[in-house]
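Welcome! Here is a short tour of a protein model, meant to be read with the sequence and the 3D view open side by side.

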Amino acid sequence: MLQTFQDKFYQNFIEDNRWKYIAEGLGITLEVTFFAVIIGIVIGFLVAIVRSTYDKTGKLKILNVICKIYLTVIRGTPVVVQLLIIYFVIFASTDVDKVIVAIMAFGLNSGAYVSEIFRSGIMSIDNGQFEAGRSLGFNYVQTMIYIIMPQAFKNVLPALGNEFIVLLKETSVSGYIALQDLTKGGDIIRSRTYDALFPLLAVAFIYLIMVMIFTKLVNMLERRLRSSDH
Amino acid sequence: MKKKVLSLLLVTACVLSMTACGSKKEADTSDSGDSAKKETLIMATNAEFPPYEFHEGDEVVGIDADIAAAVAEELGMELKIEDMAFDSIITAVNSGKADIGAAGMTVTEDRLENVDFTDTYATATQVIIVKEDSAITGPDDLAGKKIGVQLGTTGDLYADDIEDAEVERYNKGFEAVQAVQQGKIDAVVIDGEPAKEFVKDAEGLKILDEAFTEEEYAIAVKKGNDELKENINKALATLKDSGKLDEIVAKYISADGE
């Protein structure tokens, strides 16, 4: 029993340096997730500002319509399909780095969800806060920056952390465009050793660890921000 | 506290009974698989590999599908086809989820460690697909190039050994072909017959005359399931003698080799 365990372990990870598929895949997964998160935050922030400004003041009508279309399309289609469209349709005739394709696809996708999270945070702040800011002589932008945003950010942090966990795990479909991410790395080992157990469990374990570390970081940030409550 | 312990025990008992059921079921299926007297013969394949197997309407057809159907008929069984990713087929056969794997599968040493193979029923070649204006003329030119393959195929294994080549492993063969067509990669290494089908439908691509390697297709069965293997071998021999095998191949591949 132990012997077969050792053999299987050797065959799946040591032989032919197969662990490299996992290690390199992990690097790609982290790279894609990191940049997709940044793009997601930037897009999400901008869209949320447009949408809530429209809701509060009625300005930016055309931008609001564009944002709404973006939200409908991105949230209405699966991320795998978006990924394939970007790779095989939008970049049809060019050789583009697949990491960039994946970052774009997941960033665009995440942006739609993040914007709704931000918007819910902005809308959750009582209108009295807004009016108080204005009556103290702040203009709209100043009220947003100094009064609304700090409170909104604290409120949406758990939801935001959740979205990034989902994003991290969603990148596991990158294999569809032959990008060798963590999941694909496991798949390649599986296709060489025909053993399902070890590669799949190893991959699952690494995702789990990453999510646990990330959750811990978000919790720490949450505690830090909450200390200003007192 | 007592309540907690009790509920914990209950949960454990539940889980244990569930796993017990699970393993029993597994044992049952593998038993019936061994006896080969079961009504249905489950074939695992990857139906994106014309002309060996592909979707037509809501059915999976092709050379492998027809041969497996003929074999099943010889054995007095009914064929059921499960379509899955190519790299999952051996795992499926191994775990008893499928009785046989027939997917234009080449016999390799690594695969033999995990499954048994029947006698071969077809020979095949690995070929190289490139753009019509490509400078690549043979296997030797592939060093240092971007090569597309289907994950887990023999083409994948060969491409791995090419010096400095960057191997891109697609889930589907036609996706690799699409990528070479769009200029994302330099070449595709794939089985000869599917390559002809793909190139026929795709503009601006050609198959190099110089084949990469020659290999033999066989049907995979679970390791140690000698009875099923022998039965299939016998059925294959009968089909070969009666000319049925050639008939099936001729149905899908035109004889002039075009």
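The largest cavity is lined by Phe49(B), Phe86(B), Gly104(B), Met105(B), Thr106(B), Arg111(B), Thr153(B), Thr154(B) and Asp191(B). Keep in mind as you look around that this is a predicted model.

**The largest cavity**

- The space inside the largest cavity comes to about 40 Å³, and the structure holds one cavity of 30 Å³ or more.
- What kinds of residues make up the lining of the largest cavity? Three are nonpolar, four are polar and two are charged.
- Two domains of chain B share in this lining: domain 1 (40-121 + 218-252) and domain 2 (125-215) each supply at least three residues.

**The largest pocket**

- The largest pocket holds about 710 Å³ of space.
- Its lining has 29 residues, and those closest to the centre of the pocket are Tyr21(A), Gln180(A), Asp160(B), Val167(B) and Arg169(B).
- Which elements give two or more residues to the lining of the largest pocket? In chain A they are α2 (19-57) and α5 (98-124), and in chain B they are α5 (154-161) and β9 (166-170).
- The element that gives the most is α2(A), with five residues.
- Sorted by type, the pocket lining has 10 nonpolar, three polar and 16 charged residues.

**A sheet of three strands in chain B**

- Try to find an open sheet in chain B whose three strands come in the order β2-β3-β4, with antiparallel pairing.
- Its edge strands are β2 (48-49) and β4 (59-61) of chain B, each of which pairs on one side only.
- Strand β3 of chain B, made of residues 53-56, is joined to β4(B) by three bridges in the antiparallel sense.
- For a pair to look for on screen, take His55(B), which stands opposite Val60(B) in β4(B).

- Are the residues of strand β10 (residues 187-191) of chain B mostly covered or uncovered? This strand is mostly covered, with five of its five residues buried.
- Strand β8 of chain B, residues 146-150, is mostly covered too, as four of its five residues are buried.
- β8(B) pairs with β9(B) in the parallel sense over five bridges, and Lys146(B) stands opposite Glu166(B) in β9(B).
- β8(B) is also joined to β10(B) by two bridges, and these strands run parallel; here Gly148(B) has Val188(B) as its bridge partner.
- β10(B) pairs in the antiparallel sense with strand β7 (residues 115-131) of chain B, over four bridges.

**Salt bridges**

- Side chains of opposite charge can pair when their charged atoms come close.
- How many salt bridges are there over all chains? The count comes to 19.
- Arg18(A) and Asp16(A) form one of them, with their closest N and O atoms 3.5 Å apart.
- Glu222(A) and Arg226(A) form another, and their closest N and O atoms are 3.2 Å apart.
- Why are Glu222(A) and Arg226(A) separated by about one helical turn? It is because they are four residues apart in helix α9 (residues 197-226) of chain A.
- Glu222(A) is buried at 18% relative accessible area, while Arg226(A) is partly exposed at 43%.
- In chain B, Lys80(B) and Glu82(B) form a salt bridge, and the closest N and O atoms are 3.1 Å apart.
- Glu82(B) is partly exposed at 30% relative accessibility, and Lys80(B) is partly exposed at 40%.
- Finally, look in chain A for a network of salt bridges that links Arg51(A), Asp55(A), Arg75(A), Glu116(A) and Arg119(A).

Methods: Residues numbered from 1 in each chain as written. Chains lettered and ligands numbered in written order. Predicted model: local features only at pLDDT ≥ 70, side-chain atom pairs only at ≥ 80, totals over all residues. Heavy atoms only, no water. 1 Å grid on protein atoms, 1.4 Å probe; cavity = no way out; pocket = protein on both sides within 12 Å on 5 of 7 lines; lining within 4 Å. Points joined across faces, edges and corners; volume = space filled by probe spheres on them. Nonpolar A, V, L, I, M, F, W, Y, C, P; charged D, E, K, R; others polar. Domains from an automatic or database assignment. Pairing = 2+ DSSP bridges. Salt bridge = Lys/Arg side-chain N within 4 Å of Asp/Glu carboxyl O. Buried < 20%, exposed > 50% of the residue type's maximum accessible area, 1.4 Å probe, protein only.
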